[in-house]
Amino acid sequence: MTLRTFCLIAAISLAIPQLSLGQDRHEIFTTLSEKDVPYRIPAIAALQDGSLICVADYRWSGADIGLVKDGRIDLMMRISRDNGKTWEDAFPLIEGKGAQSGDFMNVAYGDPCIVADRGSSKVLIMSCAGNVSFRDGTRGLHQGIARFYSKDGGRNWSKPDDISESIYRLFDKGRFGPARSMFIASGRIFQSRYIRKGRYYRLYCAVLQQIENGDRMNFVLYSDNFGQSWKVLGGVDNPPIEKGADEAKVEELPDGSILISSRTDSNGRNFNIFRFTNARRAEGSWGKMAHSTRNAPAAPVHPSGTRTLQRRHLLQGTRV
């Protein structure tokens with residue numbers, strides 16, 4: 001089994017908790033040899049009707065966006081209508097144009113993240129887009145953030161909208177200055193189980209941001225209108241991971257607090273927790289970042305000094 005195949009199977013296992021070791025497993029996207037165009041970076045969502053949608057990079061360029069000039073990357077999709085037992089044929093959500101693109105945005109699309117609304121057939125995908133790498137981005141020239149919607153459970157999709165400016169400008173007047181580059185969500189947008197405003201439950205996603213001096217930090221964005229607009233949880237001056245950040249994920253704890261877990265640029269992971277004082281207004285504060293390695297489990301501490309999370313509880317999913 002290749003690493004690419006394993007990652008896709010693991011993603012499906014997470015989306016279908018009842019899957020047992022004895023059940024059949026399916027290779028959703030397969031790269032058969034080093035000569036084939038590789039699939040990378042899968043993301044998966046479960047719909048309320050039992051359908052599953054899986055989307056992944058199809059990297060004609062063989063690399064991340066911007067690392068190969070005019071390098072083409074498509075987003076490919078497969079759908080199961082029976083909770084993963086069978087899968088429809090793969091089809092392109094969108095095809096990058098590579099060197100044939102008439103504009104910056106359509107050169108490549110990659111690193112998708114996806115969420116399905118718990119109360120409807122609406123699905124949201126966001127991805128990176130363009131022709132510049134994360135590391136080489138500037139405030140004036142950076143990767144786009146493409147947004148796609150489906151209103152019918154993934155059968156039909158909107159054309160991509162570039163929403164990057166609406167997010168970048170949130171940070172322009174913050175204490176760290178404008179963002180040079182951003183990487184959105186790392187494959188996962190999370191929908192709250194508890195907080196609903198209007199038609200939708202709240203969405204959360206993690207952001208990796210590079211600022212002018214090259215430092216990298218994580219923020220968490222949230223949306224109360226299913227991705228039409230985004231705000232910064234805790235504000236632009238209070239990143240939960242301020243230094244040494246990398247790709248991150250977010251999760252909602254049983255009490256509604258928000259946990260961020262970030263890969264680091266060295267060893268282990270960084271964690272932090274946002275505790276609400278008013279959840280509907282998204283008011284509250286981040287605690288103190290904690291670093292975890294195999295030999296030093298994390299125990300993030302809230303400003304009150306109370307131990308709020310221990311590694312064993314994180315692994316077991318139990319209340320502290």
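Me: A polar contact is a pair of N or O atoms within 3.5 Å; within protein, one of them must be able to donate a hydrogen and the other to accept it, and residues adjacent in sequence count only if both atoms are side-chain atoms. What makes the approach of Asn-272 to Pro-240 such a contact?

Reply: A polar atom of the Asn-272 side chain lies 3.0 Å from the backbone oxygen of Pro-240, which is within 3.5 Å, so the pair meets the distance limit of the definition. This is a predicted model, in which local features need pLDDT of at least 70 and side-chain atom pairs count only at pLDDT 80 or more, while totals for chains, interfaces and linings use all residues. Residues are numbered from 1 along each chain as its sequence is written, and side-chain values use heavy atoms, with hydrogens and water left out.

Me: Why is Asn-272 called buried, and what does it touch?

Reply: Buried means under 20% relative accessible area (exposed is over 50%, partly exposed in between, with a 1.4 Å probe and protein chains only); Asn-272 has 2%, so it is buried. It lies in strand 16, residues 269–278, where strands (E, at least two residues) are DSSP runs numbered from the N terminus, as are helices (H or I, at least four). Leaving aside neighbours within four places in sequence, Asn-272 is in contact (heavy atoms within 4.5 Å) with residues including Pro-240, Ile-258, Trp-286 and Met-289.

Me: How do you know that Ser-80 is buried, and which backbone atoms does its side chain approach?

Reply: Ser-80, found in strand 3, has 0% relative accessibility and therefore counts as buried. Its side chain has a polar atom 2.7 Å from the backbone nitrogen of Gly-84, and it also reaches the backbone oxygen of Thr-86 at 2.8 Å. Beyond residues up to four places away in sequence, Ser-80 touches Gly-50, Ser-51, Leu-52, Lys-85, Thr-86 and Trp-87.

Me: What makes strand 2 and strand 3 a pair, and what is the order of the sheet?

Reply: Two strands pair if DSSP finds at least two bridges between them; eight bridges join strand 2 (residues 52–59) to strand 3 (residues 73–80), so these antiparallel strands qualify. Ala-56 stands opposite Met-76 in strand 3. The open sheet has four strands in the order 1-2-3-4, with antiparallel pairing. Strand 1 (39–46) and strand 4 (91–94) each have a single partner strand, so one side of each is left without a neighbour in the sheet. Neighbouring strands of this sheet are turned by 30° against each other on average, direction ignored.

Me: How do you know that strand 6 is mostly covered, and which strands pair with it?

Reply: Seven of the seven residues of strand 6 (123–129) are buried. Val-123, Ile-125, Ser-127 and Ala-129 point one way, while Leu-124, Met-126 and Cys-128 point the other way. Strand 5 (residues 109–116) runs antiparallel to strand 6 and is joined to it by six bridges, with Val-115 partnered by Leu-124; strands 5 and 6 form a hairpin with six residues between them. Strand 7 (residues 144–150) pairs with strand 6 in the antiparallel sense over seven bridges, Val-123 having Ser-150 as its bridge partner.

Key. Axes fitted to C-alpha atoms, helices over the stretch in contact; angles between N-to-C directions.
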